[in-house]
Amino acid sequence: MAPLLEVRNLTVSFPGSKQQSAQPTVAVRELSFSVDRGGVLGLVGESGSGKSLTALSILQLFPAGARASGEILYQGEAGTVDLLKLKGESLRRVRGSRISMIFQEPMTALNPVMRVGDQIAEAILAHHSIGKREAWRRAIEAMNEVAISEPEGRARSYPHQLSGGQRQRVMIAMAIANRPELIIADEPTTALDVTIQAQILELLDGLRQKLGMAMLFISHDLAVVSQVADRVAVMYAGSLVELGSKHDVFFAPAHPYTRGLKASVPTLRSERGVDLPAIPGMAPSAHAISPGCPFEPRCEWRVAECQRGLPPLVEVGAGHWARCPVINQK
Ligand SMILES: Nc1ncnc2c1ncn2[C@@H]1O[C@H](COP(=O)(O)OP(=O)(O)O)[C@@H](O)[C@H]1O
Ligand code: SF4
Ligand SMILES: [Mg+2]
């Protein structure tokens, strides 16, 4: 069965401004991955590795000046469509209805001068021919589903009157209200404290299972991704460097970068006061990416040919791929 979403060779670049006569900044480079119907793909990578641009590309929400190429194939009701080419009413129908997004900071995504119940109702009205009263009723129902207590009262609140965790619940209510097939959650818990983070992850996972939705779950935190995803894609400087089941990627990482990420995940056994190993060096900024392996400047296994071109993905096990032929020779 074809996957629900298949990203093929997605490249997102920012052409250099004329004054700087600069090279284009390539922020996402020939990225391919897929999300199965009802499945959860975790996308992990450091800040600046291109995760948000990838997510935004799926709904054509990229920032001004961005150029995207490749294909983003989606199995919609009317067959396969390329989301990168969708326009007008067809694009509007997919956004927030078939595919919805949850962002890191609900305060910037919510309208500060509109009651949260009205905002959820508006998201429902955008995709259904129903009256305002019925939309309000469904908004309360959605708030109930995300376990907001006293939803009738809270629906009349403005975003600033709610806690960070409640605001993120409102965003989730808005995202599920139209029963999408795919939820894109971009660092949905990064701004929250640890206890609330765990509650929100549990809520998302429960709703996903109950409603049979697929999810693209994005985080810089490999441990968080491994809690919710069934497959994990690792990005480094705009490129996919590893892809596999969460078990393979977390317990048997095959790319030097993922091994470094894994080593820096604290465990319950990590001793207090002992520094966790970190990967030496800095992630490159998008415009400084070399034509070779993006991880080459920080890699302790590098050899001369690593600078020659983007290394191929090597299949290191069934469904487990790593973009490093050097330590994965067959
Ligand atoms: N509006 C923009 N203009 C120019 N470059 C941008 C813009 N937005 C993002 N980028 C570039 O794309 C890279 C990846 O950004 P992003 O997808 O937000 O990373 P992540 O979500 O992984 O932290 C950034 O490091 C930056 O170089
Ligand atoms: S291809 Fe070379 S530089 Fe890149 S991760 Fe492998 S060994 Fe390191
Ligand atoms: Mg981001």
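I started at proline 253, which counts as buried because it has 24 C-beta neighbours inside 10 Å.

Housekeeping before I go on. This is a predicted model, where local features need pLDDT of at least 70 and side-chain atom pairs count only at pLDDT 80 or more, while totals for chains, interfaces and linings use all residues. Residues are numbered from 1 along each chain as its sequence is written, and chains are lettered from A and ligands numbered from 1 in the order in which they are written.

**Around proline 253**

I found proline 253 in the loop between α10 (246-251) and α11 (256-263). Helices (H or I, at least four residues) and strands (E, at least two) are DSSP runs, numbered from the N terminus. Leaving out residues up to four places away in sequence, proline 253 touches Glu242, Thr258, Arg259 and Lys262. Contact here means C-beta atoms, placed from the backbone, within 7 Å. I also checked histidine 320: it is 67 residues from proline 253 in sequence, and their C-alpha atoms are 9.4 Å apart in space.

**Ligand 2**

Pro256 turned up again in the shell around ligand 2, along with Cys293, Phe295, Glu296, Cys299, Trp301, Arg302, Cys306, Pro311, Cys324, Val326 and Ile327. A residue is near a molecule if its C-beta atom, placed from the backbone, lies within 6 Å of it. I sorted the shell into ten nonpolar, no polar and two charged residues. For that sorting, Ala, Val, Leu, Ile, Met, Phe, Trp, Tyr, Cys and Pro are nonpolar, Asp, Glu, Lys and Arg are charged, and the others, Gly among them, are polar.

**Helix α7 and the core**

The largest nonpolar core has 86 residues, and Ile120, Ala173, Leu182 and Leu216 touch the most other members. A core is a set of buried Ala, Val, Leu, Ile, Met, Phe, Trp, Tyr and Cys residues joined through C-beta atoms within 7 Å. Which helix gives the most to this core? I got α7 (residues 164-176), with seven residues.

I checked the length of α7 too: its 13 residues should span 18 Å at 1.5 Å a residue, and its end C-alpha atoms are 19 Å apart, which agrees. The expected span is 1.5 Å times one less than the number of residues. Twelve of the 13 residues of α7 are buried; among what covers them are β6 (99-102), α4 (116-125) and α8.

Leucine 182, apart from its neighbours within four places in sequence, is in contact with Leu4, Leu5, Val35, Ile99, Met213, Ala214 and Leu216.

**Two domains**

The assignment, which is automatic or from a database, gives domain 1 (1-98 + 180-268) and domain 2 (110-179). Their C-alpha centres lie 25 Å apart. Each domain puts 14 residues into the contact. On the side of domain 1 that touches domain 2, α8 gives the largest share, seven residues.

**Last stop: glycine 212**

Is glycine 212 buried or exposed? It counts as exposed, because it has 10 C-beta neighbours inside 10 Å. I located glycine 212 in the loop between α8 (194-211) and β8 (214-219).

How values were computed. Buried ≥ 20, exposed ≤ 12 C-beta atoms within 10 Å, placed from the backbone. Contact = placed C-beta atoms within 7 Å.
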